[in-house]
Amino acid sequence: MASTECPTPRPSAGEVLVRVMATSVNARDRLIVAGKYTVPVPTGRIPLSDGAGVVEAVGEGVTRFRAGDRVMGTFHPDWVDGPFPGWGELRGTHRDGWLAQYLAVDERSLVAMPDLLSFEEAATLPCAALTAWSAVRGVGPGDTLLVQGSGSVSLFALQFGRLQGARVLATTSSTEKARRLSALGASDVVDYTSTREWGARVHALRDGGVDRIVEIGGGAESVAQSVEALAYGGQIALVGNLASGGGMELTRFFQRAATLRSVSVGSRSEFEQMNRDIARHGLTPVIDRVFAFDEAPEAFAHIAERGSFGKVVISHG
């Protein structure tokens, strides 16, 4: 894993120089650092796709930002608006990431921070929060939503679902996590370690199934349980693929008249829409722990333990 304290770079035309104040660690970052990611990563690549900071200087022709602005990077540097253009050059893999003191970024790849958030809170938003917001977009009062586990995407999905007036159910693996999920607004929590057929349990709790499921696992067994939990005509938003989906039985899926939709985080325009929702409702991201910049290896080790509840953040201040 590489981090840097190199001499301050200069922004080129169209670029913004950001003094990075905080970053956060996603599951993909852990795989990248461990050398287990799905695409090759050059040796020495600086990791982390998510960061927030202060504009130090702007290059020629920049109009969107000025020195002193508080900003966040977008997960997809080149997806401004419209339909998903495909997986381009992402930070942490094809481009250096945010685990640095300074980063020169194209002005199109930045958004303004919500005023109410700290840098540590803002650094949690680019990947996990926008993924969750995109996954639950369209649910509202009278709808039911199921989130899986207590990872950062699921926690954001729970929060956004509740803000939109939906009833939110959750699955988890421990009594303590169930308590914390309930405190965030989950109406019912099912322990999937003691209830193997958790899909049928969720279906019974809702008396007809849930309208939307944020599917984190992606494996055949997890998707099969999600289909069981789903209401007729419901939707599964696939945001993760932690296990192979091979061998999935489609008969039950067909009988449910279900929709499976993949979520690829979101565009810059959608990021800005989400930030307006956060500001309007005063949503506060759930942070598990904040590490200092020189403790970055410990942050990666912490998230690898899979015991965190909320985002793992690195403070660069």
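Angles under 35 degrees count as roughly parallel, over 145 as roughly antiparallel, 65 to 115 as roughly perpendicular, and the rest as oblique. Keep that scale in mind for the first stop.

**Before you start**

This model is predicted: local features need pLDDT of at least 70, side-chain atom pairs count only at pLDDT 80 or more, and totals for chains, interfaces and linings use all residues. Residue numbers start from 1 along each chain as its sequence is written, and side-chain values use heavy atoms, with hydrogens and water left out.

**Stop 1: two helices**

Select residues 125-136, helix α3, and residues 268-281, helix α9. Helices (H or I, at least four residues) and strands (E, at least two) are DSSP runs, numbered from the N terminus. α3 and α9 pack at an angle of about 85°, with their axes 10 Å apart. Axes are lines fitted to C-alpha atoms, for helices over the stretch in contact, and angles run from 0 to 180 degrees between N-to-C directions. The two helices are therefore roughly perpendicular to each other.

Now show side chains. From α3, Leu125, Pro126, Ala129, Leu130 and Trp133 make the contact (heavy atoms within 4.5 Å). From α9, the contact residues include Phe271, Met274 and Ile278.

**Stop 2: Leu125**

Which residues does Leu125 touch, not counting those up to four places away in sequence? Among them are Met72, Phe156, Phe271, Met274 and Pro285.

**Stop 3: the largest core**

A nonpolar core is a set of buried Ala, Val, Leu, Ile, Met, Phe, Trp, Tyr and Cys residues joined through side-chain atoms within 4.5 Å. Buried means under 20% relative accessible area, exposed over 50%, partly exposed in between (1.4 Å probe, protein chains only). The largest nonpolar core has 49 residues. Select Met72, Leu125, Val147, Phe156, Phe160, Val214 and Met274: these touch the most other members. Elements giving two or more residues to this core include β1 (15-25), α4 (152-163) and α9. Which element gives the most? α3 does, with nine residues.

A second, separate core has 14 residues, including Val190, Trp198, Val202 and Ala258.

**Stop 4: strand β1**

Go to β1. Nine of its 11 residues are buried. Strands pair if DSSP finds at least two bridges between them. Follow the partners of β1:

- β4 (residues 102-106) pairs with β1 in the antiparallel sense over five bridges; Glu15 has Asp106 as its bridge partner.
- β2 is antiparallel to β1 over eight bridges; find Ala22 and its partner Ala52.
- β13 (residues 311-315) pairs with β1 in the antiparallel sense over four bridges; Val25 stands opposite Val312.
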